[in-house]
Amino acid sequence: MQDHSAQGIDDMNDGRGVSGLDPRLFDSVRTNRIIAFLIDAAVIIALTLAGGLLLLFLGLFTFGLGWLLFPVLGPGVALAYVGFTLGGPHSATPGMRAMGLTMRMLNGRRPDILIAAIHALLFWFSVSLLTPLILLVSFFNAEKRLLHDIVLGVAVVNRGRAMD
């Protein structure tokens, strides 16, 4: 069954690569990704706080053993959030969906949960090493792809334009 939620993106598998696509797919992608990141960060913080309350009570019932999970709570929540949403049926985090964005592999397929998790990990590693310089990469390619997008062979495109 072919994915018709992103017509035009399926042209990615004809050998032309990303640059052969309609440039409208990439209009305002950089700005929308930044806003989507802020939305997703707020959701991840809220989920982490809720998870922290859960761990607090779990620690009380397990005589402190549950509190050993606190160091992995934030990264675990963030990785699960990105993995299950970006690797899910919409190929977008809630922030990306709010901003009208979706992600596709260069061959037109949706990223799976493993690619989504690796994408998140590469993003966090590149941010920790190159912040805010990672955004500069998007100024040097027409598709506004970031370094971790290029490494994994994915592109973030406008969902509304992709459905035209």
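This is a predicted model: local features need pLDDT of at least 70, side-chain atom pairs count only at pLDDT 80 or more; totals for chains, interfaces and linings use all residues.

Visitor: Why is F63 called exposed?

Guide: The relative accessible area of F63 is 80%. A residue counts as exposed when this value is over 50%, so F63 is exposed.

Visitor: What makes S28 partly exposed?

Guide: S28 has a relative accessible area of 43%. Buried would require a value under 20%, and exposed a value over 50%; S28 is therefore partly exposed. S28 lies in the segment before α1 and has a positive phi of about 60°, although it is not a glycine.

Visitor: Which residues of α1 are buried, and what covers them?

Guide: The buried residues of α1 are V29, N32, R33, A36, D40, I44, G51, G52, L55 and G59. Their cover includes α2, α3, β1, α4, α5 and β2.

Visitor: Which residues of α4 are buried?

Guide: They are I115, A116, A117, H119, A120, F123 and S126. Among the elements that cover them are α1, α2, β1, α5 and β2.

Visitor: Why is S126 called buried?

Guide: The relative accessibility of S126 is 9%. The limit for a buried residue is under 20%, so S126 qualifies as buried. S126 belongs to helix α4 and, leaving out residues up to four places away in sequence, touches T131, I134 and H148.

Visitor: What makes T93 buried?

Guide: T93 has 5% relative accessibility. That value is set against the limit of under 20%, and T93 therefore counts as buried. T93 sits in the loop between α2 and α3; apart from neighbours within four places in sequence, T93 is in contact with D40, Y81, T85 and L86.

Visitor: Why is β1 described as largely enclosed by the rest of the structure?

Guide: Five of the five residues of β1 are buried, so this strand is largely enclosed. L101, M103 and M105 point one way from β1, while T102 and R104 point the other way, and all are buried.

Visitor: What makes β1 and β2 a pair of strands?

Guide: Pairing needs at least two bridges. Five bridges join β1 to β2, and the two strands run antiparallel; β1 and β2 therefore meet the requirement for a pair. M105 stands opposite V154 in β2.

Visitor: Which residues have the most contacts inside the largest nonpolar core?

Guide: That core has 25 residues, and those with the most contacts inside it are F26, L86, M96, M103, V154 and V156. At least two residues come from each of α1, α2, β1, α4 and β2. Of these, α2 gives the most, with six residues. In soluble globular proteins, nonpolar side chains tend to be buried together.

Visitor: What does M103 touch, leaving aside its neighbours within four places in sequence?

Guide: M103 is in contact with L86, S91, M96, P111, H119, D149, V154, A155 and V156.

Visitor: How do you know that R30 sits over the ring of F139?

Guide: R30 lies over the face of F139, at 4.0 Å from the ring centre. The distance limit is 6 Å, and the charge must also be within 35 degrees of the ring normal; R30 therefore counts as a charge over the ring of F139.

Visitor: Which elements make up the protein as a whole?

Guide: The protein has six helices and two strands, which follow the order α-α-α-β-α-α-β-α from the N terminus. Buried residues make up 41% of its 164 residues.

Key
Residues are numbered from 1 along each chain as its sequence is written. Side-chain values use heavy atoms; hydrogens and water are left out. Helices (H or I, at least four residues) and strands (E, at least two) are DSSP runs, numbered from the N terminus. Buried means under 20% relative accessible area, exposed over 50%, partly exposed in between (1.4 Å probe, protein chains only). Contact means heavy atoms within 4.5 Å. A nonpolar core is a set of buried Ala, Val, Leu, Ile, Met, Phe, Trp, Tyr and Cys residues joined through side-chain atoms within 4.5 Å.
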